[in-house]
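Me: I am new to this structure. Please take a close look at one part with me, the place where two chains meet.

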Amino acid sequence: MNPTWNAVSLGLQRGWTEFVQSVRSTQDQGFYLFTAALAVGYLFLRRDTEVEGTDLLLPSVALPSILGALIAFGVIIGPAYALAMEKEDGTLLRHKAVPHGLQGYFTGQLLFQSLSLLPQMVVILVPSFLLFDDLMAEPSGWLTVAWVIVLGLLATMPIGMVIGALVPSTQKVGTWGMLPVMVLAGISGIFYPVQQLWEWVQVIAQVFPMYWIALGMRSAFLPEEAAALEIGGSWRTAETVAVLGTWAVVGAVVTPMVLRRMARRQTGSQVEAARDASLQWVR
Amino acid sequence: MEAVVTVRDLRMRYGDNDVLTGVDFDIRRGEVVCLLGPNGAGKTTTIEILEGFRIRSAGDVSVMGQDPAHADDNWRAHTGVVLQSWRDHPRWTPRRLLTQLGGYFAPYSTPVRPRPHDIDLLLETVGLTELADRKIATLSGGQRRRLDVAVGIVGRPELLFLDEPTAGFDPQARRDFHGVVRSLADSEGTTILLTTHDLDEAEKLADRVLLLAAGRIVADDTVDGLARRLEGEAQVRWTAAGQRHVESVPDATRFVRALFDELGDAVEDLEVRRASLEDAYLALVQQHEAGHGEAAARLFAEVTG
């Protein structure tokens, strides 16, 4: 039995177990329903708003954008919190103490975080398709949805893992993870066209993957004419693949190095210090 | 017997603070060794260096033939670490977690030492059979520590590390735990290194005690050996003619014989007390806590040396 493949297979089992446990947990169900209520609620309130320059209603345009933002958000914040927490509570240390354990642990994270997108998508898509019309222009759009999600995952999950590896404590994920991602969501053309912002802000937005995931999702859901609303009047599919692909490659190179460094520094004393710190909220 | 662990002139420095100032010891195959010392003496640092979790400042360390700082996964497969968890894997059950973590040892199974342990047997050994399918979040502190022990030994390690394993145990749990450790050593031949600040625990478990103070080993002996070395003046108390007497003497036997020769039946309530290992250890701990670690270590080394 090859120890590496054995570890990967245990990691996949681990990811699946974590996923099943998460779906069954009322805490996680609550989180999914809460985000779904916010997203669908927003679309419902603006269901009769027409999008300028088209004959489309707002839900048609906003739904793909919101899905794109949620993918980026979930896949960055999810692993960031998981890693920050699990290096404090000893989960990571347990895997460091068994042969090839870290390979298994990170395989599990990858699978679990990817699977977590499914319930997130379902709780938004199902009520949206029941409530609103004209959401998917062409059925072939689902194919685009699939590759945008996969590429988006590869582009953004490394960011979340690096944040989780580098933050000094779980409480700091808010400052170093949540805040920047919120700001990014604000400037990435999710709730209004990015062209309404200053040019330098548009440049920043287009450096990061979130804008491109949302653009890719719009290209999947909306009819060809809607591309007129985008920068350059096009879906810029090639550019989408290029930008997300670059992030994925950089992430694939950088993340293992950062994770190795984090794992090297894990000790029992560190876990104990985190426990003591958690008991001492006021410092 | 062959040495499983060899430590020579091990030093550790955090910033300007020297935690270990030259630690030397060996552990032979099959021994149960207790690293005893007051809190802050450097026990955890030492054991984390041997576990390969912490990089030393200087010195030579060999654990099962490898330098733990650069040890490979094969080495990992033959060592076990009992960690102090507090809230990891809350949604998992003991059975699921042990099956998952034990799985990593399967490629290292041999006919002589099948790996991992049978999970049901293991759960029984640590007394978690009834709780095997409950969420770990619902376990009490003591139950959680028993799970920690099970995770530490699931791969049937040849060498096991335990850092303050019974901290927070109630007396019953502590006794059960001592039973588990002894049976590991006796039936599996596992070499065990554990840290404790509790002399009583060291006495119950260890073949040999390494006393760590002020960053070095100040005594390395069996508990009995340590006690014998401490044999110094004894205190003799008795009552004669309604009067209570106390005398400190180097040879209690001779003194008492002389006492009876002189007073005969007039001697009542005779009591002979030897300065115990416990007294010596408590004095060491008190000195250490008062910030005189170095002086305390010297004193103890002199007394036992």
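How much area is buried between chain A and chain B, and what percentage of it do carbon and sulfur atoms give?

Reply: Keep in mind that this is a predicted model. About 3100 Å² is buried between chain A and chain B. Carbon and sulfur atoms give 56% of that area.

Now the residues. On the side of chain A, 40 residues take part, in contact with 29 residues of chain B. There are 4 salt bridges between the two chains. One of them joins Asp88(B) to Arg94(A), with the closest N and O atoms 2.8 Å apart.

H1(A) gives the most, with 11 residues. By type, the residues on the side of chain A that touches chain B are 12 nonpolar, 19 polar and 9 charged.

A word on the partner chain. Chain B holds an open sheet of 6 strands, in the order E5-E6-E7-E3-E8-E9, with mixed pairing. Strands E5 (79-82) and E9 (216-221) of chain B stand at the edges. Each has a single partner strand, so one side of each lacks a neighbour in the sheet. Neighbouring strands are turned by 15° against each other on average, direction ignored. Inside this sheet, E6 (159-163) and E7 (191-196) of chain B pair in the parallel sense over 5 bridges. There, Leu162(B) stands opposite Leu194(B).

Note on methods: Residues numbered from 1 in each chain as written. Chains lettered and ligands numbered in written order. Predicted model: local features only at pLDDT ≥ 70, side-chain atom pairs only at ≥ 80, totals over all residues. Heavy atoms only, no water. Pairing = 2+ DSSP bridges. Helix = DSSP H or I, 4+ residues; strand = E, 2+ residues; numbered from the N terminus. Axes fitted to C-alpha atoms, helices over the stretch in contact; angles between N-to-C directions. Contact = heavy atoms within 4.5 Å. Buried area = accessible area lost by both parts, 1.4 Å probe. Salt bridge = Lys/Arg side-chain N within 4 Å of Asp/Glu carboxyl O. Nonpolar A, V, L, I, M, F, W, Y, C, P; charged D, E, K, R; others polar.
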